[in-house]
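Subject: Structure handover

Dear colleague,

Here is the structure we discussed. My notes on it follow below.

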Amino acid sequence: MLKNEIEEKVKQFPTYLKSWVKTFLGGLTLFCIISLIALPFLSQNQNFTHVFLRQFTLAMIFSIFAASWDLLTGISGQISFGHAIFFGIAGYICAYLISYQNFPPWIAIFIGAIGAVFFGLIIGIPCLRLRGPYLALGTLAFSLVLLKLFLMGSLSDVLFGSEGISDYRIQISDNPVVEYIIILMFMIVSFITIIQVSKSKFGTILKSIRDDEVSADASGINTTRFKVYAFMLSALFAGIAGACYATYVGAVNPTGNFGATISFYAILMASLGGLTTIRGSALGAFFFIFLEYSLIVAGAEIYVNLIFALILIVVVRFSEHGILKPILERIKDLWDLLLGR
Amino acid sequence: MEKNAKRIIAIVVVAAIIVGGGLTAYFLLLAPEAGQYVWSANDAPGAPAGISSSQIIKIGCAGDTGEIQGDANYEGAWFAAKTINQAGGVVVNGTTYYVGVTREDTDESNTQLVTSRGIAAAERLVYNKKVQFGVGGFRSEALLAYQEVFMDNKIIFIDTGAATDIFCDNVANFYERYQYFFRWMPINSTSLGGEILTTLAGYVMALNTTYPNHDVKQVGILAEDLTWTGSLIAAIQSYLSLFTNFWVQLLTPILYDISLDAADMNTHLQTLASQGCDFLIPVISAQGGILMMQQYDQYHYPFQIFGIDVQSQLDTFWGDSGDACAYETVMQTLHRTNKTTKSIAFWDAFRAQFGHDPLYIAIGAYDAVNGIIDAINATQSFDALDIIPEFESWTKSNPNPGVSGGGAWWPGTHDLVEGYPYGYTLWCQWRDDGTKVVVPAPRWAYVGALGYAIPISDLYPATLATGAYEVAPWVNTAWS
Amino acid sequence: MGTILEVKNLTKKYGGLTAVNDFSFEIKRGEFIGLIGPNGAGKTTVFNLISGFEKPNSGSIRFDGMNITGLRPYKIVNKGIARTFQLVRSFKFLTLLQNVSVACQSKRGREASKSAGIDAHASSILAAVGLVDKARIPPVVLPHGDLRKLQIGKALGTNPELLLLDEPFSGLTHEEQQTLTDLILKLHDDGLTIFMTGHVLRELMNLVPRVIAMHQGKFIVDGPPKEVANNKIVLEAYLGGGEAFA
Amino acid sequence: MIEDIMNMLFNGILNGAVLALISLGYSLVYGVGGIMNMAHGAYFMLTGYLLLWGMRIFPGMLFLTVIFVIIIITIIGGLTYILLIKPLQDTHVGVVLITFGLAFLIEQWILIVSGTTSASINDYVLFPGTTEFLGYSMFNQYIFFIIASLVIVSLFALFISKSKLGKSIRAVSQDREAAVLMGINANRVLLYTVMISAFLAAIAASLYLPGAALTGPGMGWTYLTSSFAVIILGGMGSLVGSVVGGYIMGFVTSFTSIFLPNGPSWAHVVPLIVILIVLIIRPRGLFGKKKLR
């Protein structure tokens, strides 16, 4: 069934692409992608390529991560407060393989993501008995347990301790432009996959479980299996993001990769952008990273988190569906006005 | 009609925004040299106004803005720059240069560390501010990540706060890449462990003669369960094996999870007390210390506290702990004493400038900046590859004393040489009037061949001490 | 005509309360049969036990000769028993077409839609229940009657042999009841075995040829509606409310 | 050995007493409104810092300061409900996010005002000195706190079962729809509930923290996670559960700390593992309602 669906999609792709580009959303997305591809070639200024562009790379990594959270929570309705589990484990596997086993980075990223999928499986199965806030707390507890185990000095021979793994070889490329392009490719592929999954029949089943699990069960859907799939799929993309983050930073450590902050980053970015929209995650991540960047450049670094807290409160309070929808609507209004419609 | 008017206005406005945004982006980011930090006299405290950017030696401070560690790093570097600039700067090949310092926020003191913030800070220092030297670092895992930015660009980075051995191991193992890394402060964990135990042994020896009715023997360790304490405790244990069953006996070390609360601390201290602990060695950098001292003060436990408690190094700890830290003895890089000839003058000047004691990181940063300038002066060059050999020549035979000590480094590892008169710490004890004194540090070692312990050279001469070691009154009662 | 569903000595207890007590009956293939009883008689519990949402304390349920007692709900659905709920349940944020297409992706649903494709099959089901013109809207805006139809559509999506309808008429206007009755009758004519509950006897009387009555979890009588309506125990059970003949 | 057991019991009770007080309010809010107030730990932390500052500004007026601070925290609790929770009540994720935002805001504000350094409010220890029992010495302030905690919990139980407001709270918590039909204003009851929970957190902080210390603006999260653990163990929304769960968690922590190898570093991992086991084996906890929300 899945095979047929994919074949069908591939066959329809050229016509689909043509009609998609003509839609407002399609055009805008294409414009954004083209701008992102063109961006690194605009300037040779080191301040631009090595500082500003790196922030873009970071934002792209976090947007994959936030989108993976949105896939699990927004689309499948399984609230996760411990998404850093997958992010961290993939980062650690990736760093370990590069540093201790001399793997090339792209293979390490790939294996790291697979490792995260495996974790999605083993964490998904026991967590299936839990719903709503219980699941949220269960995943949070899982991530805290992992964090504490990795922090423990007495386990540092096995889990590398509080200092984690660091090695200058943990990087995709020492040229930030190359790194940018590779991460951009990861991002585009991840987003296309996640959006297509959420639109597909498979995605419909996930959404049906989110809306009413009993009814999905009564419709003959093995909800358990699909929830595990959702966990694994989400873990895959969280793992890609986590492994990319490890190469971006060049090191892994417990707090930086398993910390509750990382889980909350995903939640913040995805809900700032707008839950269930997937694309909103990208907007949220870029918004988040660049607001932080401009505040730091403006010399207000100690107020960064305070301002984020305020923005989060205001956005959640006054715009339940995040900032993506209202912004898109404004742009569309403007567009219509420009075309004289 | 009205609709068309609106449309035209909208087109104009949008076009204006696009053009304006594009131009802004071009001038802020894209144009060659755009967005580059412009160094000016403001960055060089004490330098004459109107000096040009090319006349400034650019030093970047990496630390957590707004936290004591990061602020201390900046204060130390800034103060060194001010002193040097006021003294007329440094003349290289006939041109007078002044020292400029700048800082970026690495956010590393945040318990919820976000490693990428440290990386971004280092990138801004290197690519945006084009610093020639980096100074800073406190949390090992953060510094491990962002030091790579400096190493990538072959910029000398001087560690002023992280004690883990791994940095200098890197220098030894991958010299080609990590030769730009130097540790100016503190001494590495392993050496700290040795200093703690041998000095403690000296006190135990002395106290056993003072208190004939009590066998001062049991030593407990209370430490954060983290990697940096791990190597330190391992060092203490290996030194202890020299003393085994002689007159110091180690209780099972208590390694606690850093997120502890009062009940946990109470549990640990009671456990130690019930095991008959006589000396407690804390190895604490975070908030555990304040809980420990508060309960020590309330319970009047019959043991002495003697070890590392980073927060207790600051003079503000007395007030912060609610006057509870009396009789705690802590390792401290510097206090107002003649560690070197420059020490007291520096101490007083620093206090006059900032109104509080310098943290060890501030002292490290001060010495580091002075060291950089000395090396520039000596080599008449700004090239890292010229300066590194100069730094490496500052060995035991050719030290370059700063305010904190003798200033000698091991050439192969770029680590501070431990031991008097080079790199060593002072032992400072809080008095119950809220003052802190430097106590003498006799050291004893057990010599297997002789079968008994002998005094070895003191950690530092007794002349540096500003007061005698005191036993808390309640411990005195318990022991006599 | 063989037996399609065989329920034997079914018992379900909640703590001290026995909701279903030693309940047995059989349904033949192609039958159209009602289960009546006053509120709280245990009708919904019987449905929940058959469809697997609750597990019986004792007794067995056989479907088409297979023992399905205590299987998970989706497995029972994939054997061929579909159900609706008394309180309407739907996927709020999905369109009607997607609502049905989820059911079409169950094991039996996929087989049934193999030739036409899932979307086409789903819209043919929507057409059958009379909602095809609303295929692209989400259920939140639908009137109650349409929601009931949607429920039946979702059940049909799983291509059942036996359809369990739990109180399909409750809360509907007379007009809505009429169209729904037509729909149910048409489904029965197409060969579907239908088992429905109701607590208003008169509604069922004209519809089904056979009725099982239960009261306080116990089996009372099984037979043609007229016979059941004249049964003494049934009359007594309904006496308090009197709604059966209202 | 006897000392170890005493040590375990005393610190278990001490830990349990503070956890019980914090989780009680937290669990109450969950039971009544089905919402998770992530700012609960922040109330606890904020109380400590307000006390510290209050004591520095008005050194002579100890009790007034304490009462004033508790009132402020209670009001903040009420405002949290009115301004942030009430408009988003229908979306669980929304409430979680916005209260998380509030907790984060408070934490960051304190961080900017006072930095990460820890501080002690030692001056406000009401009962200095220690008492010895079976060769084990106990800090009087802790004994006082344990007794006070028991008294407060009993008073609270009395309040819930006897007072009019308490009865409405119970009614809403058992069946919101039915309570609304009976003419109870569920929103107002929830408002009072959030205020009561903030009040309890403030009381817990003002009694416990003088014997502990302010270990930085992030300390609220530690207590929040601990009370998560407690209410999951006890059952979400169950008041008996949160008290019993609090003590169990306290004993588990102190037992691990004293009797297990490498115990001190596992002391805060074991409770989390307990949560996971409870969640997987019996998701509704020891005393939880049967139905999951």
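The area buried between chain A and chain B is about 4,100 Å², and carbon and sulfur atoms give 54% of it; buried area here is the accessible area (1.4 Å probe) that two parts lose on being put together, summed over both.

Please note that this is a predicted model, in which local features need pLDDT of at least 70 and side-chain atom pairs count only at pLDDT 80 or more, while totals for chains, interfaces and linings use all residues. Residues are numbered from 1 along each chain as its sequence is written, chains are lettered from A and ligands numbered from 1 in the order in which they are written, and side-chain values use heavy atoms, with hydrogens and water left out.

Chains A and B

At this interface, 46 residues of chain A are in contact with 49 residues of chain B (contact means heavy atoms within 4.5 Å). The rule finds three salt bridges across it, a salt bridge being a side-chain nitrogen of Lys or Arg within 4 Å of a carboxyl oxygen of Asp or Glu. B:Arg117 and A:Glu292 form a salt bridge, with their closest N and O atoms 2.5 Å apart.

There are also 18 residue pairs in polar contact across the interface of chain A and chain B, both residues at pLDDT 80 or more. A polar contact is a pair of N or O atoms within 3.5 Å; within protein, one must be able to donate a hydrogen and the other to accept it, and residues adjacent in sequence count only if both atoms are side-chain atoms.

Helix 3 of chain A provides the largest share of the side of chain A that touches chain B, nine residues. Helices (H or I, at least four residues) and strands (E, at least two) are DSSP runs, numbered from the N terminus. By class, that side of chain A has 21 nonpolar, 18 polar and seven charged residues. In this scheme Ala, Val, Leu, Ile, Met, Phe, Trp, Tyr, Cys and Pro count as nonpolar, Asp, Glu, Lys and Arg as charged, and the others, Gly among them, as polar.

A residue in helix 3

A:Thr57 is found in helix 3 of chain A. Is A:Thr57 buried or exposed? A:Thr57 is buried, because its relative accessible area is 0% (buried means under 20%, exposed over 50%, partly exposed in between, with a 1.4 Å probe and protein chains only). Apart from neighbours within four places in sequence, A:Thr57 is in contact with A:Glu179, A:Tyr180, A:Ile183 and A:Tyr248.

Strand 4 of chain B

Strand 4 (residues 133-136) of chain B is covered on both faces: B:Phe133 and B:Val135 on one side, and B:Gly134 and B:Gly136 on the other, are all buried. Strand 4 runs parallel to strand 1 (residues 56-63) of chain B, joined by four bridges; two strands pair if DSSP finds at least two bridges between them. B:Gly134 in strand 4 stands opposite B:Gly60. Four bridges also join strand 4 to strand 5 (residues 156-159) of chain B, and these run parallel. B:Ile158 in strand 5 is the bridge partner of B:Val135.

Chains B and D

The contact takes 32 residues from chain B and 40 residues from chain D. About 2,900 Å² is buried between them, of which carbon and sulfur atoms give 48%. The rule finds one salt bridge across this interface, and D:Arg56 and B:Asp320 meet in a salt bridge (4.0 Å, N to O).

Regards
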